[in-house]
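Here is a friendly briefing to read alongside the model. Keep the sequence and the 3D view open as you go.

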Amino acid sequence: PRKEVQTLKNPWFDLDFSGLFKCPKRIDTPERRAITLRQLKTLEAFFLKQADNHGVLTGWWDRRMKVYEIQVDKLNLYQLVDWVINPATAPYQCSFVELLATEREQPTTWFVSHWWGERVLEFV
């Protein structure tokens, strides 16, 4: 078992999203904001880089449930929204897809339903 004490981070101040996207592209209608598999993989690569050698997302914690360590393989969509989606999109007041989009439209081909509590790696 690990005994080190880790410093808890704040997602609004301690994460650097600059490598995640270049410049938001506005997409006027929600039905044109479908996320692609490539974009999901970009998101996955971002949070995998945040993990240490033990698979712990360094400094990340579940602020709702007061769990003070998040394993990357247990990261759920609630936590992902708290740690990445909301703090990355807030300064631009846009959707997450608009941060990653390279085109002015990303029409929907498939609809995939999900549960917010499911593990992100299983969803991707």
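**A loop residue to start from**

Lys 66 sits in the loop between helix 1 and helix 2; helices here are DSSP runs (H or I, at least four residues), numbered from the N terminus, while strands (E) need at least two. Lys 66 has a positive phi of about 60° although it is not a glycine.

Please bear in mind that this is a predicted model, in which local features need pLDDT of at least 70 and side-chain atom pairs count only at pLDDT 80 or more, whereas totals for chains, interfaces and linings use all residues. Residues are numbered from 1 along each chain as its sequence is written, and side-chain values use heavy atoms, with hydrogens and water left out.

- Which residues of helix 1 are buried? They are Gln 39, Leu 40, Leu 43, Glu 44, Phe 46 and Phe 47.
- Seen down the axis of helix 1, these buried residues fall within an arc of 160°, so they line one face of the helix. The arc is taken from the directions from the helix axis to the C-beta atoms.
- As background, an α-helix has 3.6 residues a turn, so residues three or four places apart point the same way.
- Buried means under 20% relative accessible area, exposed means over 50%, and partly exposed lies in between (1.4 Å probe, protein chains only).
- Turned away from the buried side of helix 1 is a face with the exposed residues Leu 37, Arg 38 and Lys 49.
- The buried residues of helix 1 pack against helix 2 (77-89), helix 3 and helix 4, where contact means heavy atoms within 4.5 Å.

**Phe 47 in helix 1**

- Phe 47 belongs to helix 1 and counts as buried because its relative accessibility is 1%.
- Leaving aside residues up to four places away in sequence, Phe 47 touches Leu 57, Trp 60, Val 72, Leu 75, Leu 80, Val 120 and Leu 121.
- Phe 47 and Arg 104 are 57 residues apart along the chain, and their C-alpha atoms are separated by 26 Å.

**Salt bridges**

- How many salt bridges does the structure hold? There are four, each defined as a side-chain nitrogen of Lys or Arg within 4 Å of a carboxyl oxygen of Asp or Glu.
- One of them joins the side chains of Glu 105 and Arg 32 (3.7 Å, N to O). Glu 105 lies in the loop between helix 3 and helix 4 and Arg 32 in the segment before helix 1, so the pair ties together parts that are 73 residues apart in sequence.
- Both partners are partly exposed: Glu 105 has 46% relative accessibility, and Arg 32 has a relative accessible area of 32%.
- Another salt bridge pairs Glu 98 with Arg 33, whose closest N and O atoms are 3.8 Å apart. This pair links distant parts of the chain, with Glu 98 in helix 3 and Arg 33 in the segment before helix 1, 65 residues apart.
- Glu 98 is buried at 4% relative accessibility, while Arg 33 is partly exposed at 27%.
- Arg 63 and Asp 82 also form a salt bridge, with their closest N and O atoms 2.7 Å apart. Here Arg 63 is in the loop between helix 1 and helix 2 and Asp 82 is in helix 2, 19 residues apart.
- Arg 63 counts as partly exposed at 27% relative accessibility, whereas Asp 82 counts as buried at 19%.

**Loops and surface**

- Gln 93, in the loop between helix 2 and helix 3, has a positive phi of about 50° although it is not a glycine. With 73% relative accessibility, Gln 93 is exposed.
- Is Trp 110 buried or exposed? Trp 110 is exposed, with a relative accessible area of 73%, and is found in the loop between helix 3 and helix 4.
- Trp 110 and Thr 36 are 74 residues apart in sequence and 9.9 Å apart in space, C-alpha to C-alpha.
- Trp 116 lies in the loop between helix 3 (96-100) and helix 4 (120-123) and is partly exposed at 41% relative accessibility.
- Tyr 78, Trp 115 and Trp 116 make a nonpolar surface patch of about 380 Å². Patches are made of residues with over 30% relative accessible area and no salt bridge, joining like charges within 9 Å and nonpolar side chains (Val, Leu, Ile, Met, Phe, Trp, Tyr) within 5 Å. Accessible areas come from the Shrake-Rupley method with a 1.4 Å probe, and for residues only the protein chains shown count as cover.
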